[in-house]
Amino acid sequence: ISNQVIVPAGTNNQTIVPLSVSLVNDLLDEHDETFTATLSNPVGATLVGPTAHTVTIQDDDPLPALSVSDCTLTEGNAGIAPCNFTVSLFPVSGRNVSVNAITVDGLAKAPADYVARLATLVLPAGVTSANFAVDVKGDLSHEPNEDYSVVLGSPQFATIADLRGDGWILNDDGPPTISISDVGVTDRGANTTAHFTVTLSVASGFPVSVAYATANGTATAPE
């Protein structure tokens, strides 16, 4: 911005002539900023001594706040799929904001149910959100819905309003099937035990029980 200041005739070196620059207020948290006022092209005088002065504008706006969303994902039967947590910043910042994010076990355990992760997220000036993806592992096990968390910490140029996001892995597997094997026993004229094998089609995350009973065929109890 260029302008002109006029020193009236008869003004001596004890008189201060104001030079005013209007500053624009804002609500943006940002680094302190500077500008320079420079004298040039005098008319009726010559320039001596300092001809420029640097002014620092000190920021007075509060830090923005960070929060993290929840995320729910159906696990699937195989492979991995990302559960995407959103880390949000409000209001927008004029500085690069960073924050650490880490996964924490609940009923879901890493590495069996998901891939543990620790990362530093950077939100450049003007950006208000970042993604934090957690890879969830699929399986065929009938089990409860399982939870884990994403926790924020060590923010730079921000505060934390909501430090924990809840992650849920939803089970999509039905109960396993159960079967019993056949068995043959040779009668050797003495008491013999018949061992049957009870088998689940896949491992279950719940306790499984089944009732059983014997029934006469060509062999009869208690023979």
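The model is predicted: local features need pLDDT of at least 70, side-chain atom pairs count only at pLDDT 80 or more, and totals for chains, interfaces and linings use all residues. Residues are numbered from 1 along each chain as its sequence is written, and side-chain values use heavy atoms, with hydrogens and water left out.

**Exercise 1. Find how many helices and strands the chain has, and describe its overall dimensions.**

Step 1: Helices (H or I, at least four residues) and strands (E, at least two) are DSSP runs, numbered from the N terminus. The chain has zero helices and 13 strands.

Step 2: Look at the extent. The C-alpha atoms fill a box of roughly 135 × 20 × 20 Å along the principal axes.

Step 3: Turn to the radius of gyration, taken over C-alpha atoms; the globule rule is 2.2 Å times the number of residues to the power 0.38. The chain has 37 Å, while a compact globule of 223 residues would have a value near 17 Å.

**Exercise 2. Work out the strand order of the open sheet of five strands.**

Step 1: Two strands pair if DSSP finds at least two bridges between them. Strands of a sheet pair through backbone hydrogen bonds, either parallel or antiparallel.

Step 2: The order is S4-S11-S9-S6-S7, with mixed pairing. At the edges are S4 (71-74) and S7 (118-123), each of which pairs on one side only.

Step 3: Zoom in on one pair. S6 (residues 97-105) and S9 (residues 146-156) are antiparallel over seven bridges. Aspartate 105 has tyrosine 148 in S9 as its bridge partner.

**Exercise 3. Decide whether isoleucine 180 is buried or exposed, and name the strand that holds it.**

Step 1: Isoleucine 180 lies in strand S12.

Step 2: Buried means under 20% relative accessible area, exposed over 50%, and partly exposed in between (1.4 Å probe, protein chains only).

Step 3: Isoleucine 180 counts as exposed because its relative accessibility is 55%.
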